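Morning, everyone. Please bring up the model, and let's walk through it together.

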Number of protein chains: 2
Amino acid sequence: MEAKQISGGICAPQGFTAAGIHSGLRKNKDRKDLAMIKSSVSCSAAAVYTQNKVYGAPITVTRRNLADHQAQAVICNSGNAYTCLADGVELATKMCDLAADALGLRREDIIVASTGVIGMPFDIQPIADHVGQLAAQLSADGGHDAATAIMTTDTVPKEIAVEFTLGGRPCRIGAIAKGSGMIHPNMATMLSFITTDAAISPQMLDRSLREVVQDTYNMISVDGDTSTNDMVAIMANGLAGNPEIVVQDSDYQQFTAALRQIATVMARKIAGDGEGATRLLECTVCGAPDLQTARRVAKSVITSSLTKAAIFGADANWGRVLCAIGYTEGDFAVDRIAVSFSSPKGCIEVCRNGAGIAFSEEKAKEILLESEIHINIDMGLGAASATAWGCDLTYDYVKINGDYRT
Amino acid sequence: MEAKQISGGICAPQGFTAAGIHSGLRKNKDRKDLAMIKSSVSCSAAAVYTQNKVYGAPITVTRRNLADHQAQAVICNSGNAYTCLADGVELATKMCDLAADALGLRREDIIVASTGVIGMPFDIQPIADHVGQLAAQLSADGGHDAATAIMTTDTVPKEIAVEFTLGGRPCRIGAIAKGSGMIHPNMATMLSFITTDAAISPQMLDRSLREVVQDTYNMISVDGDTSTNDMVAIMANGLAGNPEIVVQDSDYQQFTAALRQIATVMARKIAGDGEGATRLLECTVCGAPDLQTARRVAKSVITSSLTKAAIFGADANWGRVLCAIGYTEGDFAVDRIAVSFSSPKGCIEVCRNGAGIAFSEEKAKEILLESEIHINIDMGLGAASATAWGCDLTYDYVKINGDYRT
């Protein structure tokens, strides 16, 4: 059963407050650039990070701070990633100090993250000047502001919360996330912060997060570029009062299902709001010989520039889908593949047994003009399946990235 | 010493004739769509093919025909790849029969290739109707027409020839090639046909081709999509009268150097004429720990959508270069990396020891506005180096591929 969607985002779980302000890191005064999330009590915490060998200083510092699997607050800025700077780690540590001082916490209890341009000199003064104001604004209504403050080229803030029951007690999970370029997570992902009031041990929290990330945040791609600053962090403060989850029992399964629900929504939101995107692309692969192949094929299709451009043009150019399946890593047969496109306007099969079949181009065009397009692939080889999310490749992607820094 | 560039393209080597005509496969009568190359005598032949598991029927048939390492002619059409069709192999075999009959050769001596849309029904009648005319037009002046007839979204035909000396005898190598989308060769590549009058055994020819392809055709990318129909084929007819190359001696080295020269020019031409491209991008990696890492890093950088879009915008966004280096497969240190951009307008260093350094944005912009941009990377780790070629990502790439089939 799906957990019930509720309002409140990351502040929906008990004990969490959040805020987002304009500190001056961005020149545009209408753009928030600094976010904070705080729990009233210490939390179990877990995180996954980018696999890029070039990674941001905040990744180094957060990894160090989470060594004890405990955290109580997040500070995150947008507008400057302060990555590839000689003094990056110093700056990230200083950010933790500033947040810790403002909140009366230890610096080791802070999760620090950043997003923005890589390699630009970073002036921390605006943060030093405004962290007190940020802390003062923390409130149970602040989740939306925090979601807004971490945006870069995102066109909409991304947040969600759900409620479900564990041991008779209502529990909540909330999340915010940001994309929307340099999105091709690899065993970790873009920025997303998740809060929950469920009681769960750090070990189970870590396991649950890793399990879910593989099928959600890691199954999206906007442009094939794995960011240097990807991070998904979760904090669980236990205030729901459920019996603490300490083994992989049915409560763990239920918690993980709710977390998966949250993460799937966030992943879809990030993909659909990819830079310049006009269409959300969902590729489902079934009949795969194994899970790894299913995931790889789904991701290969939604990453293909040619497929993405065809979807932008509402062109049922299924040959490009076959091509992307064919260059996927791994050894598998391609002579049983069936492909169909679907949307709220209907479903149309375009390929069977690896070869084209006659179809109405008009009907296909009608289906592909919708804002959410599904590419359904049956490999005809086994029972494994996977889903990946992407977006179309548009003029605006080029425009946004042809002159991002100015 | 570089081999001397000469005119004549694929017909520069003795004994080769070529032709290119409009047969009617394309609707536009001004577009040639069928090419033929013929040697007056039987040739040693070798080829490399796409590694895509979905591959065109002509690949299947050419592979079969070259099992005896002999060939005497090439037939290649553009406009329809007849790939992913139930009757593809039958059609490709028929094309060989048509060419063989028109030329008085055995069908096993024909190299057949195709390029164009995948999965569209293919009517072979225009070829049957015009193959006689095509054969009749074969001439020593026909190389350019053949180069034109294999074009798809290419904006210019691509051809080259060089002359060098083996055993006191002048030898020549000529080549044509086509891009310009779905270009991300993987141990094989887009279409290119190479002719030579050098005498070389099939075994040495195959070795030389494979050696060269790795550093040239396989080091380019336009869009990360490995085509289903990639093929590079070479025919050597021995008419130069040099002592046949049968071992890896100095003649072999000299032949391979000339072939590398040819292949490098073709690779650069294909990359520079990538779909929608306004700039050729050359990335040279030195100081790499090993050759594989050097190649991977160079290719990762020129494949990155974000780097390509930045180059389109003449934006010295070197953080994206670092990001692409960082997500390259393999385990290596990134703290000694130096990066510079150069063009005929000068050279500017932007990153040293993995961190940004102050530079003039104005000067960088001036450099990046040129039509050929070099990204120079020194990894500071070893002695291996490699070069890869790509192009910028532009509005026109999206335009071309958003509605390619109509």
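Start with chain A. A compact globule of 406 residues would have a radius of gyration near 22 Å, and chain A agrees with 21 Å. That radius is taken over C-alpha atoms, and the globule rule is 2.2 Å times the number of residues to the power 0.38.

Some ground rules. This is a predicted model: local features need pLDDT of at least 70, side-chain atom pairs count only at pLDDT 80 or more, and totals for chains, interfaces and linings use all residues. Residues are numbered from 1 along each chain as its sequence is written, while chains are lettered from A and ligands numbered from 1 in the order in which they are written.

Chain A holds 11 helices and 15 strands. These are DSSP runs numbered from the N terminus: helices are H or I, at least four residues, and strands are E, at least two. Its C-alpha trace spans about 65 × 55 × 35 Å along the principal axes. Of its 406 residues, 64% are buried. Buried takes 20 or more other C-beta atoms within 10 Å of a residue's own, placed from the backbone; exposed is 12 or fewer, partly exposed in between.

Now the contact between chains. How many residues of chain B are in contact with chain A? 50, and they meet 50 residues of chain A. Contact puts C-beta atoms, placed from the backbone, within 7 Å. On the chain B side, α9(B) gives the most, with 7 residues.

Last, α8(B). 8 of its 8 residues are buried, so α8(B) is largely enclosed by the rest of the structure. Ala314(B) follows α8(B), with a positive phi near 50 degrees.

How values were computed: Contact = placed C-beta atoms within 7 Å.
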